[in-house]
Amino acid sequence: MALFDLPLSELREYRPERDEPADFDAFWKKTLDEAAGHDLAPDFADFDAPLTGVRVQDTTFAGWGGDPIKAWMLVPEGAGRVPCVVQYIGYSGGRGLPVDHTVWPAAGFAVLVVDTRGQGGANIYHSGSTGDPHGGDHPQAPGMMTRGVLDPEQYYYRRVFTDAVRAVDVAASHPAVDPERIAVAGISQGGGIAQATAALQPKVKAALIDVPFLTHFRRAVEITDSFPYQELVQFMSSLRDSEERVFRTLSYFDGLNFAARGRVPALYSVALMDLICPPSTVFGAYNHWAGRKDISVYPWNGHEGGGSRQRDEQLRYLRELFSIG
């Protein structure tokens, strides 16, 4: 592992040209309008977790296409209406168990931990509970990155991002949540989902975006040999005439284009030795973010980023922003 990308001084100024389709906004309006035709149907079922001072609810709601999506809702007991963090999960992971998600309630926040459809079946730390009954009509590379990638209407992340937007509505509907103080958060894939959701969902008031994946796709596949971006490389190396269609589809899902629409306060993080989500892809999005923003830089870390140090910064950031304590 080494400092393989641009120097930090150049990264701070790196603002790449965006490849944005003319119908980007129309595509997402149509997608979310279609999703709104399904009853959100949030169900919060009390769950007997071995925790004290936290109410845990096994949550289900209707995501893209009305498909059932699982989540955990954790709320501090007896705190009245509190701010909420909607937490999205890294690649291959699922919602795990409630004991994995106690930091936010310990700090006075509710947290809604959203399963990523179709993932969490091969992660020994955080298993998932939500399937994805949809796919594409073409072969795909292992993993989820190429599922439906030849058509933006069929692409896997259209469903995932829609689920994520709907999850914020679920959080806002909970009687213990203050709907005016909802943040989205995530690391890696979760960071990419949070980045998109903050741009698409007007109920979001802040975004915590750590080492985001799903951002600046073309540069990522050109400068890193790491997975999951390599799934795209494998796909295009096999289907040799697919490049134009692949990148057209990805342009509807690129974090650069969502960042340009981000208006809420955002706290990013980046690691300069990150071979999975290269720092230039993160800074590319950060420098396009249209709202108030800050970024934490970890010069000697890889994709683990700031770890608990960054979580501490996030807690302090949101406590001040949402006037807690």
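**View 1. A buried pair, Asp 132 and Arg 159.** In this predicted model, Asp 132 is buried, and Arg 159 is buried too. Their side chains meet in a salt bridge, with 2.9 Å from N to O. Asp 132 sits in the loop between E5 and H4 while Arg 159 belongs to helix H4, so the contact ties together parts that are 27 residues apart in sequence.

**View 2. The network around Asp 132 and Arg 159.** Salt bridges with shared partners join Asp 67, Arg 117, Asp 132, Arg 147, Arg 159 and Asp 163 into one network. For context, a search of the whole structure finds 22 salt bridges.

View 3. How many cavities of 30 Å³ or more does a search of the whole structure find? The search returns one. The largest cavity holds about 50 Å³ of space. Its lining is made up of Tyr 88, Val 114, Asp 115, Thr 116, Arg 117, Val 160, Asp 163, Ala 164 and Ile 193. Sorted by class, that lining has five nonpolar residues, one polar residue and three charged residues. Helix H4, residues 156–173, gives the most to the lining, with three residues.

**View 4. Glu 153 and Lys 30, a link between distant parts of the chain.** Glu 153 forms a salt bridge with Lys 30, and the closest N and O atoms are 3.6 Å apart. The two residues are 123 residues apart: Glu 153 is in the loop between strand E5 (110–114) and H4, and Lys 30 is in helix H2 (residues 24–36).

**View 5. Asp 46 and Arg 55.** Here the closest N and O atoms of the salt bridge between Asp 46 and Arg 55 are 3.0 Å apart. Asp 46 counts as exposed because its relative accessible area is 55%, where exposed means over 50%. Arg 55 has a relative accessible area of 37% and is partly exposed.

Conventions:
Residues are numbered from 1 along each chain as its sequence is written. This is a predicted model: local features need pLDDT of at least 70, side-chain atom pairs count only at pLDDT 80 or more; totals for chains, interfaces and linings use all residues. Side-chain values use heavy atoms; hydrogens and water are left out. On a 1 Å grid over the protein atoms alone, a cavity is a set of points where a 1.4 Å probe fits but cannot get out, and a pocket is an open set with protein on both sides within 12 Å along at least five of seven lines; lining residues have an atom within 4 Å of a point. Grid points are joined across faces, edges and corners, and a volume is the space filled by probe spheres set on the points. Helices (H or I, at least four residues) and strands (E, at least two) are DSSP runs, numbered from the N terminus. Ala, Val, Leu, Ile, Met, Phe, Trp, Tyr, Cys and Pro count as nonpolar, Asp, Glu, Lys and Arg as charged, and the others, Gly among them, as polar. A salt bridge is a side-chain nitrogen of Lys or Arg within 4 Å of a carboxyl oxygen of Asp or Glu. Buried means under 20% relative accessible area, exposed over 50%, partly exposed in between (1.4 Å probe, protein chains only).
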